[in-house]
Amino acid sequence: MNKKTIVSILAVIGGLVVLGWVLRLTFALLGPIVVIGLGVVAYFALTGNKRIGGGK
């Protein structure tokens, strides 16, 4: 094995570790993100603004 192969293997392992952390963080924050999104949708529905920025 040469140096390029070892670096490639370590890069793939590092990428998988980072992807695991990102997925864990995403699923941990999924609940609050959904609640905030529903709140924004409810706000726009109740205020009657169909477009962001309002009409002319």
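How many aromatic pairs does a search of the whole structure find? The search returns one aromatic pair, where rings of Phe, Tyr and Trp (its six-membered ring) pair if their centres lie within 6.5 Å. The rings of Tyr-43 and Phe-44 have centres 5.7 Å apart and planes at 55 degrees, so this pair is tilted; planes under 30 degrees apart would count as stacked and over 60 as edge-to-face. Phe-44 is partly exposed, at 29% relative accessibility.

The model is a predicted one, in which local features need pLDDT of at least 70, side-chain atom pairs count only at pLDDT 80 or more, and totals for chains, interfaces and linings use all residues. Residues are numbered from 1 along each chain as its sequence is written, and side-chain values use heavy atoms, with hydrogens and water left out.

Helix 1 has 45 residues and spans 62 Å from its first C-alpha to its last, close to the expected 66 Å, a figure given by 1.5 Å times one less than the number of residues. At Leu-30, shortly before Pro-32, helix 1 has a kink of about 45 degrees (the angle between axes fitted to the seven residues ending there and the seven starting there). Gly-48 follows helix 1 with a positive phi, near 85 degrees.

Of the 56 residues, 0% are buried (under 20% relative accessible area, with exposed over 50% and partly exposed in between, for a 1.4 Å probe and protein chains only). Phe-27, within helix 1 (residues 3-47), is exposed at 61% relative accessible area.

Definitions and conventions
Helix = DSSP H or I, 4+ residues; strand = E, 2+ residues; numbered from the N terminus.
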